[in-house]
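This briefing sets out selected features of a protein structure, grouped by topic. The sequence and coordinates follow.

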Amino acid sequence: MKYLFSLILVFHFFVCCYGGMLQSYYTTKDGLLSNTIDYITMDTLGMLYLSTPEGLQLFSGSFFSLPGFSKEVSSFGFVKSVISLDEDYMLICSLEYDLVLYNKKLQSIKQFNNYPFLRDVIQITKDKNGVLWFASSKGKIWYVENYKYIIDDVINVHFVEVDYSFAEINKMGLIHDKIYVCTARNDFFLLDYCCGQINIQHVPLPTKVNSVYCAVSTSEGKIVIGTDNGAYFVSCRECGGFHVENTILSGKVVRCIEDTDNGIYLGTEGDGLFAY
């Protein structure tokens, strides 16, 4: 009886509550470097990059591998954020080298030595208009209006600071064409950028949630949020904040992303990677 009760608890903790959507569940036993996923991004070929405390890892949806980086890049240690700009270039933010532009074809890197503030960058994201966004742990956000400026001229690229002081920033990403920002004070903001103007909206959290760690909008128009108390499908009202529609997963979910096949991946703190 105790064994059966334990199985029920495990099932409730790990398995999707939304119509049995869970497809796969991966841990270190399956090849993950760590059961904690700090960051997930996808390159232009559909490969997932998983940042873990044990290093950076690639996932094809079927198998895990290590990135074919040069020795210089492989020595980065813990990667805080990584984003693919196009087929040849990536931006990598690590504890060891701060922020660098990586040329995958030449396996070379360029550093941003002219911009000391980038040493504190912890999150990078690119919106659908090609605007690059950079967030620091100290609550500052900068943007570059076209990611190609980064590739063409690292030295003279012009960073624009957002005229707003956030609390310590934990995560930043993109939902419904808007940049979202999660802070250490458990605030959630949406940034709407148009023609050089930025509108900042504070979004109240659901009552059962203390902290939102990540969010993603799916191709079907749904929003998934990862929180301290699970992952949820939610609707976002203009003034009323998030409204929980369905529970996907219990536990602490720190990263979420949609792949090219419209599948959802959830990265957890200590419990591995879930695919839906």
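A polar atom of the Gln 57 side chain lies 3.0 Å from the backbone nitrogen of Leu 33, a polar contact in the sense of N or O atoms within 3.5 Å, one able to donate a hydrogen and the other to accept it, where residues adjacent in sequence count only if both atoms are side-chain atoms. The model is predicted: local features need pLDDT of at least 70, side-chain atom pairs count only at pLDDT 80 or more, and totals for chains, interfaces and linings use all residues. Residues are numbered from 1 along each chain as its sequence is written, and side-chain values use heavy atoms, with hydrogens and water left out.

- Gln 57 belongs to strand E4, residues 55–59; strands (E, at least two residues) and helices (H or I, at least four) are DSSP runs numbered from the N terminus.
- The relative accessible area of Gln 57 is 2%, and the residue is buried; buried means under 20%, exposed over 50% and partly exposed in between, with a 1.4 Å probe and protein chains only.
- Beyond its neighbours within four places in sequence, Gln 57 is in contact with residues including Gly 31, Leu 32, Leu 48, Phe 64 and Pro 67, where contact means heavy atoms within 4.5 Å.

**Surroundings of Tyr 39**
- Tyr 39 lies in strand E2, residues 39–42, and is likewise buried, at a relative accessible area of 4%.
- The side chains of Tyr 39 and Ser 81 make a polar contact of 3.3 Å.
- Leu 50 is 11 residues from Tyr 39 in sequence, with a C-alpha to C-alpha distance of 5.8 Å.

**Nonpolar cores**
- The largest nonpolar core has 27 residues, of which Tyr 180, Phe 188, Ile 225, Ile 248, Leu 249 and Leu 266 touch the most other members; such a core is a set of buried Ala, Val, Leu, Ile, Met, Phe, Trp, Tyr and Cys residues joined through side-chain atoms within 4.5 Å.
- Among the strands that each supply at least two residues of this core are E15 (178–183), E16 (188–194), E20 (230–237) and E21 (241–249).
- A second, separate core of 21 residues includes Ile 124, Phe 134, Tyr 147 and Ile 150.

**Strand pairing**
- Strands E1, E24, E23 and E22 form, in that order, an open sheet of 4 strands with antiparallel pairing; two strands pair if DSSP finds at least two bridges between them.
- E1 (24–26) and E22 are the edge strands, each with a single partner strand, so one side of each has no neighbour in the sheet.
- On average, neighbouring strands of this sheet are turned by 15° against each other, direction ignored.
- E22 and E23 pair antiparallel over 5 bridges, and Leu 266 in E23 is the bridge partner of Cys 256.
- E18 and E19 run antiparallel and are joined by 5 bridges; Ile 225 in E19 is the bridge partner of Ala 215.
- The hairpin of E18 and E19 has 5 residues between the strands, and Gly 221 in this hairpin takes a positive phi near 90°.
- In E18, 6 of its 6 residues are buried.

**Whole protein**
- The protein contains 3 helices and 24 strands.
- Of its 276 residues, 51% count as buried.
- Of the contacts with a separation of 6 or more, 45% are between residues 24 or more positions apart.

Definitions and conventions. Axes are lines fitted to C-alpha atoms, for helices over the stretch in contact, and angles run from 0 to 180 degrees between N-to-C directions.
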